[in-house]
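Hi,

Here is the structure I promised to pass on. Have it open while you read, and my notes follow below.

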Amino acid sequence: HLAESMLSKNTRNRKASRTSIDTYARDMKAGKWVMNGDAIRFDRNSNLLDGQHRLMACLKSGANFQSIVIYGLEPEVQDTIDGGRMRRTADVMAINGIGSAHLRTATCRILHAIKLDVPNVMAHKASTQEILTINAKHPLLSRSIYTQKSNIGVRPATLAAVHYIGKNLLGDDPATADAFAAVFASGVPAYKGCPALLVRERHIQGRLRGQPLSPTLGYGLIIHAWNHFRKHRAMKTMKVPADAKIEDLDIRKL
């Protein structure tokens with residue numbers, strides 16, 4: 001295998017990122033990896049300077065990919081590779097005229113993590129192609145993103161993702177998701193023991209104390225609150241299951 005042969009020359013490189021390898025491999029396996037001119041680079045001593053993650057992803061996915069290959073560079077060239085600012089997914093969205101690019105990217109990343117049923121949603125890394133695919137598949141997502149711009153205290157991407165799923169994918173009354181989001185915007189409980197208000201206040205208290213909730217805990221609290229809210233249950237404690245998931249969601253719809 002050519003990728004394996006090239007990696008045998010990978011004698012002087014940065015530590016490989018397992019997350020990046022997995023992300024690239026998913027794109028390659030799904031046929032979404034595109035040739036964009038980025039080269040695999042070797043120095044004049046035949047040592048691999050750049051491309052280890054792409055080559056490792058190729059082996060992991062079992063899929064071929066096309067690339068320019070450059071040989072004969074000076075070894076010192078490696079110090080200049082990847083030194084510029086990376087073009088992020090939000091930049092790509094903005095360039096293509098997609099509004100609220102940063103919030104939309106973060107929301108799509110959460111939806112993609114839920115789709116893959118990863119153990120830590122907030123630590124998930126999705127590729128630009130995966131995020132663009134999620135965005136294209138769910139045109140009504142714009143409404144949920146717009147709804148969250150006025151919420152207070154919580155990360156808007158998490159709430160936007162929950163609002164979208166609750167309004168469009170669960171078969172519930174869409175007004176339930178709107179009412180859930182409205183509590184975070186207004187601070188007015190929907191009913192006695194309202195879980196949305198409890199979580200909102202917990203987020204605000206953490207920020208006022210200079211101890212904001214971690215992304216993982218914040219996500220878990222909102223999911224836990226939503227599961228109670230959609231069934232009109234009171235939530236008396238803030239104890240969150242380690243594997244908090246949206247109940248009754250068919251992840252194939254994502």
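Ser46 sits in the loop between S1 and S2 (helices, H or I of at least four residues, and strands, E of at least two, are DSSP runs numbered from the N terminus). Ser46 has a positive phi of about 70 degrees, although it is not a glycine. With a relative accessible area of 38%, Ser46 is partly exposed (buried is under 20% relative accessible area, exposed is over 50%, partly exposed is in between, with a 1.4 Å probe and protein chains only).

Before going on, keep in mind that this is a predicted model, where local features need pLDDT of at least 70 and side-chain atom pairs count only at pLDDT 80 or more, while totals for chains, interfaces and linings use all residues. Residues are numbered from 1 along each chain as its sequence is written, and side-chain values use heavy atoms, with hydrogens and water left out.

Asp117 is another one to look at: its phi is near 55 degrees, a positive value in a residue other than glycine. You'll find Asp117 in the loop between helix H5 (101-116) and helix H6 (128-137), and at 40% relative accessibility it counts as partly exposed.

Now the overall picture. The chain has 11 helices and 3 strands, in the order α-α-β-β-α-β-α-α-α-α-α-α-α-α along the sequence. Its C-alpha atoms fill a box of roughly 70 × 40 × 35 Å, taken along the principal axes. Of the 254 residues, 43% count as buried.

Helix H3 (residues 52-61) is mostly covered, with 7 of its 10 residues buried. Those are Gln52, His53, Arg54, Leu55, Ala57, Cys58 and Ser61. What do they pack against? Their partners are helix H1 (2-7), helix H2 (18-29), strand S1 (39-43) and strand S2 (48-50) (contact means heavy atoms within 4.5 Å).

Gln78 belongs to the loop between strand S3 (68-73) and helix H4 (89-95). Is it buried or exposed? Gln78 counts as buried, because its relative accessibility is 14%. Leaving out residues up to four places away in sequence, Gln78 touches Arg12, Asn13, Leu48 and Leu49. With Arg12 there is a side-chain to side-chain polar contact of 2.7 Å (a pair of N or O atoms within 3.5 Å; within protein, one must be able to donate a hydrogen and the other to accept it, and residues adjacent in sequence count only if both atoms are side-chain atoms).

Further along, His163 lies in helix H8 and is buried, with a relative accessible area of 3%. The side chains of His163 and Asp178 are joined by a polar contact of 2.8 Å. Again setting aside residues up to four places away in sequence, His163 touches Ser144, Thr147, Gln148, Ala177, Asp178 and Ala181.

H8 also has a helix partner. The axes of H8 (residues 156-168) and H11 (residues 215-229) come within 10 Å and cross at roughly 25 degrees. In this pairing, Thr158, Leu159, Val162 and Gly166 in H8 meet Tyr219, Ile222, Ile223 and Trp226 in H11. By class, this contact has 6 nonpolar, 2 polar and no charged residues (Ala, Val, Leu, Ile, Met, Phe, Trp, Tyr, Cys and Pro count as nonpolar, Asp, Glu, Lys and Arg as charged, and the others, Gly among them, as polar).

Cheers

Technical notes
Axes are lines fitted to C-alpha atoms, for helices over the stretch in contact, and angles run from 0 to 180 degrees between N-to-C directions.
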